[in-house]
Amino acid sequence: MTRLRLFIVFALLLAAGGGVLLYRHLHPPIVASGSVAPGAAQSRSQRDVPAIRFTDVTARAGIRFRHQTGASGQKLLPETMGGGVAIIDYDGDGKPDILFISSRQWPGHADPGAKPASSLALYRNKGDFTFEDVTEAAGLNVTMYGMGVTVGDFDNDGRPDIFVSCIGQHHLFRNVDGKRFVDVTDTAGVGGPGKLPNCSKEAFLAWKPPIPFGSSCTFVDYDGDGRLDLFVCHYVTWSPAIDLAINSTLTGGGRTYQQPQQMEGSACSLYRNVDGKRFEDVSARAGVVVTEKEGTDANARLRLVGKSLGVVLCDADGDGWPDLLIANDTVRNFFFHNEPGPDGTRVFHEMAYQAGAAYADEGRPRGGMGLDWGEFAAGRSAVVIANFANEPLTCLEKDRKRLSFSDSALSVGLAGPSRSALKFGTFFFDYDNDGRPDLLVCNGHIEPDIAKIQASQEYAQAPQLYWNTGDSDCYFEPVTAARGGADLFVPLVGRGSAFADFDGDGNLDVVLVANGGPARLLRNEGAKGNHWIRLDLRGDGTASNKSAIGATVTVEAGGTTVHQHVAGGRGYLSQSELVLGVGLGTIGKVDKVTVRWPGKDARSETWSNLDADKAHVLTQGKAP
């Protein structure tokens, strides 16, 4: 009888409606009120978190970027997803610049006489935390429905290039002499399978053929030939007509934004760099198109599995070949293990089930958004995945001896404090330079009217910062506004996020992006007495890509050892700086730095006796 009653309840929910009501039943709100406050969900005694203030310097720095969603009342799913941000030293002056990604108005919705707004905004770092908007001068005043971004030197000319994933056609921009960018999408062959239609508003809203829905992306040299290839996530099979045909209503009426459960999946794309100018689509051949049969019949339809929003490069088994971890939304995650193919080429084997990376500890899919990979303690590496509201962070820790993962979010202290918020951008970074990577999560809901559905949720939510205690009893402690500064915890509709040392003081600063709102630049005031070192890796452009994406670094200082890696895209739709910032705590000298360069040869080089509190350029083939 109990099972029958449950069946009737679920049937009524489906009939009356809509994905939001069902989702609310499956994910009941936690008992809370107001915005998601940092540390509010913890139920343990607090640790002695260092007092290091993040100060909002957005206005003083001259950052005036404001993300636009293109929303005009129809509530189309892409309007909820936000845009990314990338850190790029495009002019090679040693000061990291900022590239913001926005969307555009939907076809037919703009004022015919209005000048289209650029979807990109490039801010050049002038020093002393001041920036100037150089978008037009750099040739980036281009209109697109932008989503994700990754930066890397795909032609090995010593200048970082830009790839932007989009709703519709993607875009690849080549850096010319560190002064301007040229759109080489068509000649490079990375635009993807379709474009936004150029039509009236009425025709667009009735448009049925699927439109590519790009999300996070990363440069990666998957085949080790010294040239950067390109990996692009796609979210769902989407078009305006598909979206609007799904009934989803608020309690009491009114349309809500869709949930991905009600849409077909999509496939990731992998483009192999042929010659530094052209790419070829090797997605199917290289194993990144994941399908499953609907049912057991021999003629059952194959459906695309992925609903991918986040990607991060890692070398999970330490074999020198880059693997990829993918955060999927409401379906299992992917783990693409880099392996030799039957014809001598490299391929990816999707083995999340076998490796334990498909799900968190409860064995069901979560709403995966952004993710990052890092070594959070000596010999302990994990990928942390940001999930939907009322789902905790997933912390898939790599087994030290085997190629397997298990969710350790509860034991490391992340499960309880992270549960309430709707989490997007996330990254590891050592904000206090004590030698242990901390964690930042950028939060914000997708539904502006969420408070009408769940009293415990708000649209704008506070970011969360977790300090790495170094204590195996509980590695991550939520930082409160009293210890991290009130500016960091001002609620926003958070999406993309990134970090960089913008003023060269060794402290990692933070950029936060809001969906449909202004970006924020937060200066890290720093920890007194802690030392640091910055490592700018440069491949030779032949055996390894010049951006050194995929390199792993071992830093030995005063009896401690720290491992880091150079990743492309990370977090959510975003990319942080490629220069590695390594905290040293009270140690004032680095004994040894060993770099294992990317590429099929996986060669290593060592630099010894490096001064702390300085930036060092490490060029392949030039170790003393």
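1. A residue is called buried when its relative accessible area is under 20%, exposed when that area is over 50%, and partly exposed in between, with a 1.4 Å probe and protein chains only. By this rule Asn-609 is exposed, because its relative accessible area is 54%. The model is a predicted one, in which local features need pLDDT of at least 70 and side-chain atom pairs count only at pLDDT 80 or more, while totals for chains, interfaces and linings use all residues. Residues are numbered from 1 along each chain as its sequence is written, and side-chain values use heavy atoms, with hydrogens and water left out.

2. Asn-609 has a positive phi of about 55° although it is not a glycine, and its place is in strand S36, residues 604-611. Strands here are DSSP runs (E, at least two residues), as helices are (H or I, at least four), and they are numbered from the N terminus. Asn-433 likewise is not a glycine and has a positive phi of about 55°, but Asn-433 is found in the loop between strand S24 (423-429) and strand S25 (438-443). With a relative accessible area of 3%, Asn-433 is buried.

3. Turning to charged pairs, side chains of opposite charge can pair when their charged atoms come close. A salt bridge is counted when a side-chain nitrogen of Lys or Arg lies within 4 Å of a carboxyl oxygen of Asp or Glu, and by this rule the count comes to 35 salt bridges. One of them joins Glu-292 and Arg-332, whose closest N and O atoms are 3.2 Å apart. Glu-292 lies in strand S14 (residues 291-293) and Arg-332 in the loop between strand S17 (323-328) and strand S18 (334-340), so the pair ties together parts that are 40 residues apart in sequence. Glu-292 is partly exposed at 23% relative accessibility, whereas Arg-332, at 7%, is buried.

4. Arg-570 and Asp-372 also meet through their side chains in a salt bridge, at 2.8 Å from N to O. Because Arg-570 lies in the loop between strand S33 (560-565) and strand S34 (580-585) and Asp-372 in strand S20 (residues 371-377), this pair ties together parts that are 198 residues apart in sequence. Arg-570 is buried, with a relative accessible area of 11%, and Asp-372 is buried at 1% relative accessibility.

5. A network of salt bridges links Asp-361, Glu-362, Arg-364, Arg-366 and Glu-391. Within it, the side chains of Glu-362 and Arg-364 meet at 3.9 Å from N to O. Glu-362 counts as partly exposed at 34% relative accessibility, and Arg-364 counts as partly exposed at 36%.

6. Ser-103, in the loop between strand S3 (97-101) and strand S4 (120-127), is buried at 1% relative accessibility. A polar atom of its side chain lies 2.2 Å from the backbone oxygen of Gln-68. Leaving aside residues up to four places away in sequence, Ser-103 touches several residues (heavy atoms within 4.5 Å), among them His-67, Thr-69, Tyr-145 and Gly-146.

7. Finally, four strands form an open antiparallel sheet in the order S6-S7-S8-S9, where two strands pair if DSSP finds at least two bridges between them. Strand S6 (146-152) and strand S9 (180-183) stand at the edges with a single partner strand each, so one side of each is left without a neighbour in the sheet. Four bridges join strand S8 (residues 171-176) to S9, and the bridge partner of Val-176 in S9 is Arg-180.

Notes. Polar contact = N/O pair within 3.5 Å; in protein donor to acceptor, adjacent residues only side chain to side chain.
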